[in-house]
Amino acid sequence: MNYQAKVEGMSCKGCANSVKAAFSNIEGVSQVDINLDEKEATFESSQAVTKQQLENALADTSYTVESLK
């Protein structure tokens, strides 16, 4: 399954790397790509992923998930 998530709070390459690492730690998630200009993460997952799972992965950061599709 392919997903797109809008992530608020990213402003630099370090931010993008932090979000990428956090999302990559979610079970089943692979191929995480970050578009910093669009503040968007795209990724593949072998199982369903919820907005709550993404928010939990970012719990210790200043980033928030605005939407998931």
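Residues are numbered from 1 along each chain as its sequence is written, and side-chain values use heavy atoms, with hydrogens and water left out. Because this is a predicted model, local features need pLDDT of at least 70 and side-chain atom pairs count only at pLDDT 80 or more, while totals for chains, interfaces and linings use all residues.

**Exercise 1. Work out the strand order of the sheet, and state which strands stand at the edges.**

Step 1. Helices (H or I, at least four residues) and strands (E, at least two) are taken as DSSP runs, numbered from the N terminus, and two strands pair if DSSP finds at least two bridges between them.

Step 2. Antiparallel pairing joins β2 to β3 (residues 40-45) over five bridges, β1 to β3 over five bridges, and β1 to β4 over four bridges.

Step 3. The order is β2-β3-β1-β4, an open sheet of four strands. β2 (29-35) and β4 (64-68) are at the edges with a single partner strand each, so one side of each has no neighbour in the sheet.

Step 4. From one strand to the next the twist averages 30°, where axes are lines fitted to C-alpha atoms (for helices over the stretch in contact) and angles run from 0 to 180 degrees between N-to-C directions.

**Exercise 2. Find the residues that stand opposite lysine 6, and describe how the side chains of its strand are arranged.**

Step 1. In β3, lysine 6 stands opposite glutamate 40, and in β4 its bridge partner is serine 67.

Step 2. Along β1, Tyr3, Ala5 and Val7 point to one face and are buried, buried being under 20% relative accessible area, exposed over 50% and partly exposed in between, with a 1.4 Å probe and protein chains only.

**Exercise 3. Classify the ring pair of tyrosine 3 and phenylalanine 43, and say what the pair ties together.**

Step 1. Rings of Phe, Tyr and Trp (its six-membered ring) pair if their centres lie within 6.5 Å; planes under 30 degrees apart count as stacked, over 60 as edge-to-face and the rest as tilted. Searching the whole structure gives two aromatic pairs.

Step 2. The ring centres of tyrosine 3 and phenylalanine 43 are 5.3 Å apart with planes at 20°, so this pair is stacked.

Step 3. Because tyrosine 3 lies in strand β1 and phenylalanine 43 in strand β3, the pair ties together parts that are 40 residues apart in sequence.

Step 4. Tyrosine 3 is buried at 12% relative accessible area, as is phenylalanine 43 at 2%, and Tyr3, Phe23 and Phe43 form one aromatic cluster.
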